[in-house]
There are 2 protein chains.
Amino acid sequence: MSLVVVGSMAFDALETPFGKTDKIVGGAATYISLSASYFVKPVNVVSVVGGDFDQDHINLMHQRNISTEGVQVKENEKSFFWSGRYFNDMNSRETLVTELNVLGDFDPIIPESYQNCEYLMLGNLAPQVQRTVLERLNNRPKLIVMDTMNFWMDIAMDELQKTIGMVDVLSINDEEARQLSGEYSLVKAARKIMAMGPKFLIIKKGEHGALLFHEDKVFFAPALPLEEVFDPTGAGDTFAGGFIGYIAKTGDISFDGMKRAIIHGSAMASFCVEKFGTERLKNLGQQEIDQRVQQFVNLVAFDTVLS
Amino acid sequence: MSLVVVGSMAFDALETPFGKTDKIVGGAATYISLSASYFVKPVNVVSVVGGDFDQDHINLMHQRNISTEGVQVKENEKSFFWSGRYFNDMNSRETLVTELNVLGDFDPIIPESYQNCEYLMLGNLAPQVQRTVLERLNNRPKLIVMDTMNFWMDIAMDELQKTIGMVDVLSINDEEARQLSGEYSLVKAARKIMAMGPKFLIIKKGEHGALLFHEDKVFFAPALPLEEVFDPTGAGDTFAGGFIGYIAKTGDISFDGMKRAIIHGSAMASFCVEKFGTERLKNLGQQEIDQRVQQFVNLVAFDTVLS
């Protein structure tokens, strides 16, 4: 059940129709590890931060049994910083500032205690860096899940495809699936992308849910219709964290096991968007997670009587 | 189980990325009645056409046990005509031509044999005309389902709200729900719209499925991920026809009954988009309908183990 999570730990400054934040803690590895920590302990993080990173947040991670042994601290440098503004529909956003800082020359180090992990979650990073992690593991994990984004399709498609060819599960959104495959139909896109290597493909559709493809099978997981989406930042990473955390907990990497994992990931993501940043993920109770999963069960449940 | 369907019967000329058609038969009542005819007989249609309408299509309707006794034929006038072009994503379209013709002064006549119907489907029409139908029925049906569109929200909101206040189920798409309620969140929109009268609200999201709201409950029905959407024209009406047809067949107007009806409506819509116009709806077999419904069952099926 040992899990390693690789990704950014960062500062974000966010603006939504509901308000704005100063620099708050964000980054893929932050959201993934917090979300996964509700399913499996420890969560072993590989990342890099500057001397400016928030020690209180590191302490919180420790309290949640997240190991930061693989988090390099570059005292004289600054943490990755992203600033963005969401438009009224919350489905689109613009980037205001991107400062790579420590992430610019990130050289991931895998502590000895992380070796021989069974599950690996590669959060969004340069595909070369994701591949370096794979090369530095002594043994191939039982399951490798990779997240990425359109940015790498724009500037590093060859590198990206090389890395995609090495993983078991790829997680991207619908627009990215179309860009990566050149196909508009998601069914056709999925077929092309799985031919690149991954046996499983998750296509995230935000408020419209997510699709899981495997061979010629497809599973559809809804998103919970919410009163209000307060801040969508980190929802995809929180989804990924719930997904890999649930798999690491159960050890079930079958198609049916992944269906259940996607429902748990979706439930975690539905918490994430209710408050700014990681706020809602800091202290969830088992009961409210169970209740939220039950809401997803109810949302799609029906008895069919064939006509 | 008696069902009355009110709506346009028309000619459409369509252009999609896959090709274009000359004038082919279309219109809300055409799609609704064809779709419903796979569940219940007879389907009693109220509509109006010009002398130019396609007699072969009327014959086809009769073969499928669709009564056209309530279809007025204005020999010296022309049928309603709409021409539109779909963009590459198939989710948006532009109207090229709209000729109201016989629909401009449509005065619906309810034949005596249609009176005392149990189920009424009001397809998209001017809300005043929809209300005239209600006034001309001797008894209120057991269930009244209404479809409408943004056009009436733009030019006749007061009339529209008056009609909406008289029906049991309203069926609109997500953008229309937002426009009608002034709320972006579909959960909030649903609450406001149900406060206008309808006890049930269906929000159609095209390729993203559909939501059914009732009191504080919500059900999510997926759309089937398809290889190719050939022509989306009529998909919403075909959905409505499958929905009301299934309800007329089963007589079950509970929330659970409507869930099953939505799955059947979704299955019928998934056929509609596979070919131009009504082509795919002319001669479906019971077995392929059952198989399609089963695909929807499989699409969302999972066993949950709470974490």
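This is a predicted model: local features need pLDDT of at least 70, side-chain atom pairs count only at pLDDT 80 or more; totals for chains, interfaces and linings use all residues.
Two residues are said here to be in contact when heavy atoms of theirs lie within 4.5 Å.

View 1. Among contacts in chain A between residues at least 6 apart in sequence, 63% join residues that are at least 24 apart. The secondary structure of this chain comes to 10 helices and 14 strands, and its C-alpha trace spans about 70 × 40 × 35 Å along the principal axes. Chain A has a radius of gyration of 18 Å, which agrees with the value near 19 Å that a compact globule of 307 residues would have. Of these 307 residues, 61% count as buried.

**View 2. The annotated span of chain A, residues 18–279.** An unreviewed UniProt entry gives this span the annotation "domain: Carbohydrate kinase PfkB".

**View 3. The cis peptide bond between A:Lys41 and A:Pro42.** The omega angle of this bond is about -10 degrees, and A:Pro42 lies in the loop that runs between helix H1 (28–36) and strand S5 (43–50) of chain A. In chain B, the peptide bond from B:Lys41 to B:Pro42 is cis as well, with omega near -10 degrees.

**View 4. A:Asn101, a residue other than glycine with a positive phi.** Phi of A:Asn101 is near 50 degrees, and the residue is found in the loop between strand S8 (93–99) and strand S9 (119–122) of chain A.

Methods:
Residues are numbered from 1 along each chain as its sequence is written. Chains are lettered from A and ligands numbered from 1 in the order in which they are written. Side-chain values use heavy atoms; hydrogens and water are left out. Helices (H or I, at least four residues) and strands (E, at least two) are DSSP runs, numbered from the N terminus. The radius of gyration is taken over C-alpha atoms; the globule rule is 2.2 Å times the number of residues to the power 0.38. Buried means under 20% relative accessible area, exposed over 50%, partly exposed in between (1.4 Å probe, protein chains only). UniProt positions are given in the numbering used here, feature names are shortened, and annotations may be inferred rather than shown by experiment.
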